[in-house]
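Hi there,

Here is the structure I promised to pass along. Have a look at it first, and my notes follow below.

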Amino acid sequence: MLSYPATIPLSNRTLNHLAERIRGHRQQRKSRWRRLTPGRQALLALAHLRNGDTYTRLAAGFEIGVATAWRYVQEAIALLSAAAEDLETAMRRIRQLAYAILDGTLIPIDRVADQKPYYSGKHKRHGVNVQVIADAAGRLVWASAALPGSTHDLTAARTHGIIEALTSADVMTFADKGYQGARGSLRIPFKRRRFRPKLSRRQKTVNRAHAKIRARGERAIATLKTWKILAKLRCCPRRATAIVQATLVLHHVEAARYAG
């Protein structure tokens with residue numbers, strides 16, 4: 001088998017953060033000798049999450065078994081996801097923003113036995129729905145737990161209590177037409193209706209300005225998907241939430257923003 005050196009586009013700060021969590025976890029459990037040091041295990045997990053390397057490739061590169069690679073990665077994901085903030089905690093910062101941007105994204109998955117709930121008619125593929133909140137500069141602030149891909153964005157936002165939380169905090173939030181009827185503090189673009197086939201010039205102007213603001217929210221989604229593991233999840237969809245939360249924690253550490 002051939003091998004080659006590879007890089008992970010992350011800083012030492014992120015590696016050290018994860019390594020410290022792993023080291024503390026081992027000390028707490030009084031774990032025995034392991035095949036990899038905390039630093040090497042952290043590097044293994046980052047290679048999987050950031051570069052999307054498979055367990056087979058990781059096992060060969062780190063000279064361990066595939067089952068060991070899987071166990072080490074899952075342990076790291078569990079430690080990171082446990083440190084992820086819930087919406088109530090994140091709202092302490094979100095309410096200080098000039099305004100927020102709310103959008104939903106579909107993370108593709110492999111087809112599963114019970115595939116109907118995960119098929120998105122909008123995207124014409126199977127996946128899970130994740131709601132993302134960005135700040136005025138388009139920086140990723142918070143991401144929700146994953147719901148089946150067939151879930152409408154408005155339903156997902158209501159399920160997670162996002163609309164209620166943003167309205168209670170009186171945070172003006174820009175969202176697309178998928179959130180039509182949300183009310184509260186959400187600002188939705190004008191939509192043509194059966195009895196109103198054309199929008200007025202003022203409404204079109206408002207929609208253009210609204211679209212420019214919402215476009216910044218796409219940056220947050222793009223930032224989330226720089227973690228190649230989210231390009232397509234090849235695991236049980238029930239693990240999607242932990243993976244999203246783990247990548248969110250690592251992103252905030254890497255950006256040194258919204259952490260702690």
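This is a predicted model: local features need pLDDT of at least 70, side-chain atom pairs count only at pLDDT 80 or more; totals for chains, interfaces and linings use all residues.

The space in the largest pocket comes to about 660 Å³. Sorted by class, its lining has 14 nonpolar, seven polar and three charged residues.

The second largest pocket holds about 260 Å³ of space. Its lining is made of 17 residues, and those nearest the centre are His48, Tyr55, Ile229, Lys232 and Arg234. Here H2 and H4 are the elements that give two or more residues, with H4 giving the most, three. By class, this lining divides into seven nonpolar, five polar and five charged residues.

H2 and H4 also pack against each other. H2 (residues 38–51) meets H4 (residues 66–82) at an angle of about 85 degrees, and their axes are 9 Å apart. Because of that angle, H2 is roughly perpendicular to H4. On the H2 side the contact is made by Gln41, Leu44, Ala45, His48 and Leu49, while H4 brings Ala69, Tyr72, Val73, Glu75, Ala76, Ile77 and Leu80. Nine of the residues in this contact are nonpolar, two are polar and one is charged.

Best wishes

Conventions:
Residues are numbered from 1 along each chain as its sequence is written. Side-chain values use heavy atoms; hydrogens and water are left out. Axes are lines fitted to C-alpha atoms, for helices over the stretch in contact, and angles run from 0 to 180 degrees between N-to-C directions. Helices (H or I, at least four residues) and strands (E, at least two) are DSSP runs, numbered from the N terminus. Angles under 35 degrees count as roughly parallel, over 145 as roughly antiparallel, 65 to 115 as roughly perpendicular and the rest as oblique. Contact means heavy atoms within 4.5 Å. Ala, Val, Leu, Ile, Met, Phe, Trp, Tyr, Cys and Pro count as nonpolar, Asp, Glu, Lys and Arg as charged, and the others, Gly among them, as polar. On a 1 Å grid over the protein atoms alone, a cavity is a set of points where a 1.4 Å probe fits but cannot get out, and a pocket is an open set with protein on both sides within 12 Å along at least five of seven lines; lining residues have an atom within 4 Å of a point. Grid points are joined across faces, edges and corners, and a volume is the space filled by probe spheres set on the points.
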